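Keep the viewer open as you read.

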Amino acid sequence: MSRIGVFVCHCGENISRTVDVERVAGEAAQLPGVAYSCDYKYMCSDPGQNLLKKALAEHNLDGVLVAACSPRMHEKTFRKAAQSAGLNPYLCDMGNIREHCSWVHEDREAATAKASDIVKLMVERVKRGKALAPITVPVTKRALVIGGGIAGIQAALDIADAGKEVILVEREPSIGGHMAQLSETFPTLDCSQCIMTPKMVDVANHPNITLYTYAEIEKVDGYIGNFQVTIRRKARSVVEDKCTGCGVCTSKCPKKKIPNEFDQNLGMRSAIYVPFPQAVPNTPVIDRENCTMFQSGKCGVCAKVCGPQAIDYEQQDTLVVEAVGAVVVATGFKLYSIDRKPEESPIKGYGEFGYGLIPDVIDGLTFERLASASGPTGGKILRPSDGKEPRQVVFIQCVGSRAREKGISYCSKICCMYTAKHTMLYRHKVHDGQAYVFYMDARTPGKGYDEFWRRAVEVEDAVYIRGMVSRLYQRDGKIVVMGSDTLVGVQVEIEADLVVLATAVQAQDGADLLAQKLGISYDKYNFYSEAHAKLKPVECATAGIYLAGACQGPKDIPDTVSQASAAAAKVITLFSKDQLERDPVVAKVNEKYCVGCLQCKKVCPYGAVEEKEIRDRQGNLVKVVANVNAGVCGGCGTCQATCPSKSVELDGYTDEQIMAMIEAL
Amino acid sequence: MTTINQNCYDSVTEAIRREAAKLLQEQTVAAVVGYVAGRRPGTASPAVAKSAEDAEKLVFSPACVNNLALFLSKAKKGIVPKGKTAIVAKGCDLRALAGLIGESQLNREDLVVIGVACAGVFSAAGERSLPLSDANIAAKCRECTIHTPEGVDVVAGTLPQLPDFDPVEAKELARLEAMTPQERWAFWKEHFSRCIRCMACRQICPFCYCEQCLCDRNRPQAVESSPRPAGNLAWHIVRAMHLAGRCAGCAECERSCPMDIPLNLLNRRMAQELKEQYQYEAGTTPQEKGPLNQYREDDDQSFIK
Amino acid sequence: MTFAISQTNLRLLVDQLIQDGIFVVGPRRSGSMVLYEPLSKGEALTLDALPRRSAKELFFPVCEDILTYERVEGKMAVRDVDRAHYPETVLVGAPPCDAASPAILDSVFSWDYLDDFYLERRKKTTIIGMGCTRGDDACFCSAVGLAPDSVAGSDLFLTPLPGDEYACQVITEKGRSLTADYPGLFHEQSPVDPLPAPKQEMKQLNLERIKNWLDTHFDDPLWEKFADICAGCGACAFVCPACHCFDINDEGSSEKGTRRKHWDACGFGKFTNHASGHNPRDVQNKRYRNRIMHKFKYYNDKFGKTLCTGCGRCVRACPVGIDIAGILAEIDAK
Amino acid sequence: MHSAEKKHDFEPKVVAFVCTWCTYAGADLAGTSRMQYPPNVRVLKFPCTGRIDPVFILRAFQKGADGVLVSGCHPGDCHYMAGNFHARRRFAAFRVLLGFVGVDLNRLQFSWVSAAEGGKWVEVVTELTERVRAMGPMREFKELEQEEQWSATLTTPELQQAYESI
Amino acid sequence: MTPKKLKNYSYYPGCSLHASGREYDISTRALFKALNIGLKEVPDWFCCGATPAHNVDELLSLSLCAKNLVLAEEVEGDLAVACAACFSRLKTTQHHLKVDDEKRAQVEKAIAGPATIAKPVKHILEILVRDLGLAKLEESVKKPLFGLKVACYYGCLLTRPPEVPELDDCEDPSIMEDLLRALGAEPVSWSHRMECCGANFTLSRPDVVLHLSDAILRSAQAAGADCVMVACPLCHGNLDIRQEAIENRSQEKYDLPIFYITQLAALAMGVDDDKLGFDSVIVDPRPMLMDKELI
């Protein structure tokens, strides 16, 4: 028989005004299993807590119920008091007779009866409570950062500066991401590369950062504090340790007419190349698909000219396994293309804009390369088709964004600002040129943003036309832009030399595949889902994985950097302890009865359930059962409600407790 | 009355024997789970053939009512020897196999599935001495959509032209749906009051493979184990709920019920709902998640205030 | 001259018994089948089909309360069921395979422990048996020593005659007093040949030989062959007129509840499961072996009776087609 | 009008299964705001609606509840991200099943009540209580609980009496 | 011996095809006859409500089409429609009634019976290019239209909105061009094939029509087209009947014959040019066709 102590609180008069607390305590004393009961003016006061502690010792109690306010108010208080008197804190519960009773009912008789019922129910729960010990998980104090754009770089630097090791993995041959491609940045118009490249160099030189470029995540195992990450280092065909970055190979490479992806295919590069001059690392990579040596076995010029003999045509992909305690995902974005899409694709192309087949219809990133001093035109705005300077440029916003009929309903957030910036850059470079902008709304929330946009309109003379464009077509070397001006209510037709589309920001290619490897969730656009839109904006549902930058949703640079630093702060917080301690309200599997149907695994929002093989002493497989990783389990109990045989049970909310409460109704 | 020509069953029998003998002789499989004829005419029972000799005794007839997937589930562990197994499966049984694969109870690679072209089997109460016809065909076969097996390793036999049968079960379901809650309560109360908790419905179900049935537990007791009307109702509700989204629709529960409780109506009602709401149907392809193991953010919630 | 009763009068008899406060149970249509159920009038009596469940539940209910308990002011108050309140009962229309079973079960329920629940009901019940004129390929009463016209276990035995009449044999004192209480319903009639008994496929089994084999073959590969496919349900035991295993369960909370006794079956995985978790009959064929052993060896060893009346219900009910008659024939042939 | 001022012939037993993060907190808010609602409801706290097994609902009816409320976080608000999404499907299915065996679904209410919706909590509880009150006691399950197989029907008056007290 | 009919279609001509667009009807029938495809007019068909009705009364417009669809059930075969507007309305009705139970109930009440919407509604283009197939079509060509440069004009209704006609890519279709290539003609690449001609503003706001249609003709001419091919009697009207007014307005000479798809197809199939209604259009195509030695 249990020995439960019931303490009924008056809460001054808050409870006792409508609830006859003495009667509640008296009735509680009659309940089977209750060894002691009393009522007291303020249970949460020091004397009240001392009363509880004293009763625990004197009456040898093995469970405590405090019938008082909401557990959300004082559960911690009483559990701590009980613990200090030697009782496991999880054997102390609260019955809510204030918020759920005395404050919401005025009929004293009914309120007292209800309070007694609440005590009765909760006593049944306390009786069947289990002593629980906090769960500790060791923490490996190294972080993995996936993606070497500004988000990944910022997160990596912040974590590394806190003295923790960081593995930074980048898919491309160089870090830098999209920000390295930009010319100037809003709202200050400072040169992107001027602020970006020092950070890239910092990454390269940081003693705490291990950089893997031209590498991808192959596999992720483990859980918070203890991930095992397998990284595929793609064969670069250049031995990084030997290469001095002298550049002879790239200048001697006979195959030079390969469109340069970094320049949005406007410029050319060689088959062995560094994507851009400030690349980090400054180690070339051989593009095997375009390399004569790889395609026909004849050439080998680069190997011949390489002094340090760093060229290795035989190099293979290698797999590296790293143990880390936290992961920051910063895989960034790509731009939507207006090309014709496969029929089954939920996202559609823009036939009315010629499906990307009109050469002088470009996207914003291409315009950035045209405007960039280090770009293929040396910073001159020249149109791709004939290299002429465009006299009239039409900018179209919301191409693919907020376009439900094209399959994307969200706002890409950055286009209003960068289009305004583009009109300015254009005006600065082509003084007598005219910029037109078709827009739906000008969205400029941000420090200095609206002022910036106004400058474009009012000072730099960009003509903003509020309306959509219905068609683009070529006529006499020009692009005819047919649109409407909805403010005036007329059809507009502009003959443009160049059309720049502010195309939608989309999640990177393969974002979904990476999410599956990481076990994190993503939305229908493949943007990663944060754990809570308001309160956990950088955490993933999966513990120990954090998000930074546009992989979570369209974001500009300031927001990206903020989020990256926030993610880094979360990682550093995690790493501040040797052991991770967490609430022991977690699910446990009864391996005797579990039959391994793994329905629990399918519903677990945390990916906390894994398969576990049970073997006999000879090592023969007996069966496969579910196993809950206590470090990852969030304690929702969805697994238990799903399990047909109830072979998984949530501590603190066991079926036995709940059934007993229902029985006592 | 429409009668189905018996010849098609003979051709299946022949094909099963041939295939089983080959598989066993070549030691491709350790055993073939199939049917043998019973002592009484018009009966058959499941059997595990472990030799080419055993294979000669395998049959297929309208009496082969059992869903043999049961014998591959963990509930029946041990009776099929270790190693690769061949199984004779009707279309309805295939869905159960797919379900068991989806629930990690079976590996497709460990199976050789001998799918039978099945024109139908006897109903529980049907006269077994007559050829299969409108009068004695099982309700599930009347609405079968999977007479010819899909995704199997071998197809045994071919089908004759099959007549259209009256969908009695669908009609019964519609009749119940049209009742008032009070009438339905009375209907089920009468049926459940006869339940003696022989557990045939559970034991014959390929998906009731739990080592410890929730309903056998007594601490806490979720469902009264004694065969009284209250516990009987609770048991059948829990059973239907646990099978929702998993049930393959083989209707073995109903067939094996000695008290003639129309249990498959419960399963069908659930299946109908899951199809309407979540476009889920038990099929012959293993699915990673059942309808109640997944969700969509825009799932219907009109019933939630 | 023969003592007889017409079909009409048989139903009248039921009506009159009910009127006189007697609890009358007999075969009655219930949903899609016929079951032994309390009769509210003679007309309900349905004699054209074998009831799906046996008549044993009249003496040994599917589930019955043994006692109730409740904690009152810290003490546990236990209340027993008063067996004196069982009513005077007449079972009417039981075929030989059902009528014979109480006589067999009397032994086990009155052995070292007197089971009042059973015995009190048994004492208060009169059985009107009835000769069997139907039967199917699952029936094997004559193979286990009974017959479609066997009077074993009946207090009064009715033999169907041509022309809606039953020849009426008084077997026991109980039967005699029943006929004496309702003399007007019976009449004298010149002897006629009864309706023919159904032909049974099964030949007579040598139960002695079967027992001999069972005595020496506790371990035998045949058990696997017979019953590996057993699905582990209780259908056979629950429809059987002779199976009498039961389980006792307390239902309710630790504060108040009911102790209940209900049918158990050797097919169940939890049957004879020890508290330790160990089960001596750990696999299905061992559980089935127990079924055969109990019926044809253990019960015989102990009470000199066979625990089977050949009604064939288990053969019909088995969801996987296990055929006890076929198994017995196979053992007999060893 | 306050419940205290009304006297009813029938006081229904209403059980609420709620998640701790949203609805429990919402009910707390109703308290801190001193809103009033009928005292018939008894609250059972769960971490998440995802933890709520349909068996609990069934059991509550069996054990004498006249109405059952299940309430949790609005979609997208789940503290555990997806617990309420899974629960939603489970309850949708279970509801249909209960309806199919003849339970009047007016006795079973599901709702989303957030931590900020003290008013909605009051509304939902009041509405369910009054609806169930108007419907009268949940006779079906109570009667079923009393029933026996015919062969075990109780004939002892004192036992019958003892039984009814249970 | 008559050769075996390929497939039978029911046929909904629509009002225009019995009036101002008579050439479309004539040439459609002639073409089907030449291709040996059965075409049986739906008995008692009536107006589909055309493009204005649905702006005024949606239920009316749906009910008109629904009733026509019910009538179409009486004739065997998928429903062939030539007029792009009728096609659009019938398909729109099918779409609405399929996805919206409430509308369906209203319509069924209005037409006093079940709305049968299962019959596939097919535009002539679909029948030619998809059902018959380009290969078969090419095979059947007797007089290839070599050297004829055609501007294929789709107009608004043939592909839009994409979920309704489901005919081709809504902004960049190619079905007309595919057809023409099979006939031996040469489709030109031009900018205005999807633009609006002004449609039924032709009566209320001719100024708009003249402006819009002018752009179309101008663009077709600039692309080097000899003629324009249309699938809609309304487009035909605006481009053909109004061509002179357009020329007067813009002081440009276009002289571009406007063909229905069926006219050119039938011509290629060897149908006599005097059976195709060339004599009843405003811009007489015969001089141009003679020039090209196509007649």
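## Who touches whom

Chain B and chain E share no contact, and their closest C-alpha atoms are 15 Å apart. Chain C and chain E don't touch either; in that pair the closest C-alpha atoms lie 40 Å apart. Bear in mind that this is a predicted model.

Which two chains make the most contacts? Of the seven pairs of chains that touch, that is A and D. Chain D puts 38 residues into this contact and chain A puts in 35. On the chain D side, the elements giving two or more residues are α1 (23–32), β2 (41–46), α2 (54–62) and α3 (83–100). Sorted by class, the chain D side has 20 nonpolar, nine polar and nine charged residues.

## Chain A, the overall picture

Chain A has 665 residues, and 53% of them count as buried. Its C-alpha trace spans about 95 × 70 × 45 Å along the principal axes, and the chain holds 18 helices and 36 strands. If you look at contacts with a separation of 6 or more in chain A, 69% of them are between residues 24 or more positions apart.

The chain is split into five pieces: domain 1 (4–127), domain 2 (135–234 + 317–332 + 510–578), domain 3 (235–316), domain 4 (337–506) and domain 5 (587–664). How far apart are the centres of domain 4 and domain 5 of chain A? Taken over C-alpha atoms, 55 Å separate them.

## Two helices side by side

Now zoom in on α6 (residues 150–161) and α15 (residues 557–575) of chain A, which pack at an angle of about 35° with their axes 8 Å apart. The crossing of α6(A) past α15(A) is right-handed. From α6(A), the contact uses A:Ile150, A:Ala151, A:Gln154, A:Ala155, A:Asp158 and A:Ile159. The residues on α15(A) include A:Ile557, A:Val561, A:Ala564, A:Ala568 and A:Ile572. By class, this helix contact has eleven nonpolar, four polar and one charged residues.

## The nonpolar cores

Nonpolar side chains in soluble globular proteins tend to be buried together. Here the largest nonpolar core has 477 residues, and the members touching the most others are A:Val6, A:Ala67, A:Ala155, A:Ala156, A:Val328, A:Val499 and B:Val32.

Most peptide bonds are trans, and most residues other than glycine have a negative phi. The bond joining A:Phe186 and A:Pro187 is cis, with omega at about -5°. A:Pro187 sits in the loop between β8 (184–185) and β9 (190–191) of chain A. Chain B has a cis bond as well, from B:Arg219 to B:Pro220, with omega near 0°. Look for B:Pro220 in the loop between α7 (200–203) and α8 (229–243) of chain B.

Then there are positive phi values. A:Tyr355 has phi near 50° and lies in the loop between β19 (333–335) and β20 (361–363) of chain A. A:Asp476 also has phi near 50°, and its loop runs between β24 (469–475) and β25 (478–485) of chain A. Why does A:Asp476 count as exposed? Because it has 7 C-beta neighbours inside 10 Å, and the exposed class takes in 12 or fewer. A:Tyr355 has 18 such neighbours, so it counts as partly exposed.

## A buried glutamate in a loop

Finish in chain E, where E:Glu195 is in the loop between β6 (186–187) and α8 (201–204). Is E:Glu195 buried or exposed? Buried, because it has 20 C-beta neighbours inside 10 Å, and the cut-off is 20 or more.

Beyond its neighbours within four places in sequence, E:Glu195 contacts E:Leu212, E:Ala215 and E:Ile216. E:Ile216 is 21 residues away along the chain, and the C-alpha atoms of E:Glu195 and E:Ile216 are separated by 7.4 Å.

Notes. Residues are numbered from 1 along each chain as its sequence is written. Chains are lettered from A and ligands numbered from 1 in the order in which they are written. This is a predicted model: local features need pLDDT of at least 70, side-chain atom pairs count only at pLDDT 80 or more; totals for chains, interfaces and linings use all residues. Axes are lines fitted to C-alpha atoms, for helices over the stretch in contact, and angles run from 0 to 180 degrees between N-to-C directions. Helices (H or I, at least four residues) and strands (E, at least two) are DSSP runs, numbered from the N terminus. A crossing is left-handed if the near helix is turned anticlockwise from the far one by less than a right angle, and right-handed if clockwise. Ala, Val, Leu, Ile, Met, Phe, Trp, Tyr, Cys and Pro count as nonpolar, Asp, Glu, Lys and Arg as charged, and the others, Gly among them, as polar. A nonpolar core is a set of buried Ala, Val, Leu, Ile, Met, Phe, Trp, Tyr and Cys residues joined through C-beta atoms within 7 Å. Domain bounds come from an automatic or database domain assignment.
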